Amino acid sequence: MSSEDSNPAAVPTPCQDVQGDGRWLSLHNRFVSNSKDKEPDVLFVGDSLVQLLHQFEVWRQLFSPLHSLNFGVGGDATQHVLWRLGNGELDHISPKVVVLWVGTNNHGHTPEQICGGILAITQLISNKLPHAYTIILGLLPRGENPNPLRTRNARVNELLQEAVTSIPQASYLSVDCSFVQSDGRISHQDMYDYLHLTPQAYQKVCRPLHAAIKRLLDKPNEN
């Protein structure tokens, strides 16, 4: 517990309402309310890359048929997701698969801290949903040209890949899809603002993710 206390990325923290409209807490309360009426087989949790996925055709094409629920919030870092999941969002549902995609917004945190925050979320999911399987998606590169955040995210992925091998009921999935070109640049046709994905890039990311989820859902119950 002391190691988590010393890691700000692994301490459950509500998002500060810097804009003053209370949207973050309103979204959280809506998720808690929604969960009481739904019986999802798949739960997506994370930041804007999860939240925006819901708006694209790929969601309706691949994930809606799997009875999926989307608990993505733009701007969330690991500590915010930890707080949300620990405060009601998992209390009324029993998904078979949880897709976790968060960490790129952990500005000011080291790769080790970010990895620790993601692992803390994975542990919380395991505690609250002992029969669920968690797919941890790797962080994407960001920025048109090479930059320190790209290096940080790549290091987080290295740490996650190694750490997740020892965690039962969890696995790491790289969804990079070669977004960085040979000259080191990222195309606006893949990331329109060099962070968020275009519809065609979501298709690249989601096809292998959909296949991984389907394999888990189609596995016979061993309990």
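## Exercises on helices, strands and burial

**Exercise 1.** Determine how the axes of helix α2 (residues 23–35) and helix α5 (residues 78–89) are placed relative to each other.

*Solution.* Step 1: The two axes come within 10 Å and cross at roughly 40°. Here helices (H or I, at least four residues) and strands (E, at least two) are DSSP runs, numbered from the N terminus. Axes are lines fitted to C-alpha atoms, for helices over the stretch in contact, with angles from 0 to 180 degrees between N-to-C directions.

Step 1: Angles under 35 degrees count as roughly parallel, over 145 as roughly antiparallel, 65 to 115 as roughly perpendicular and the rest as oblique. Therefore α2 and α5 are oblique to each other.

Step 2: On the α2 side, the contact (heavy atoms within 4.5 Å) is made by Trp-24, Leu-25, His-28, Phe-31, Val-32 and Ser-35. On the α5 side, the contact involves His-80, Trp-83, Arg-84, Asn-87, Gly-88 and Glu-89.

The model is predicted: local features need pLDDT of at least 70 and side-chain atom pairs count only at pLDDT 80 or more, while totals for chains, interfaces and linings use all residues. Residues are numbered from 1 along each chain as its sequence is written, and side-chain values use heavy atoms, with hydrogens and water left out.

**Exercise 2.** State the strand order of the open sheet and identify its edge strands.

*Solution.* Step 1: The five strands follow the order β2-β1-β3-β4-β5, with parallel pairing; two strands pair if DSSP finds at least two bridges between them.

Step 1: The edge strands, each pairing on one side only, are β2 (68–72) and β5 (170–173).

Step 2: Five bridges join β1 (residues 42–46) to β3 (residues 97–101), and Val-45 has Leu-100 as its bridge partner in β3. Five bridges also join β1 to β2, where Leu-43 stands opposite Leu-69.

**Exercise 3.** Decide whether β2 is buried or exposed.

*Solution.* Step 1: Buried means under 20% relative accessible area, exposed over 50%, and partly exposed in between (1.4 Å probe, protein chains only).

Step 1: On one side of β2, Ser-68, Asn-70 and Gly-72 are buried, and on the other Leu-69 and Phe-71 are buried.

Step 2: Five of the five residues of β2 are buried, so the strand is largely enclosed by the rest of the structure.

**Exercise 4.** Describe the surroundings of Gln-203.

*Solution.* Step 1: Gln-203 lies in helix α8 (residues 199–218).

Step 1: Its relative accessible area is 22%, so Gln-203 is partly exposed.

Step 2: Leaving aside neighbours within four places in sequence, Gln-203 is in contact with Val-58 and Gln-61.
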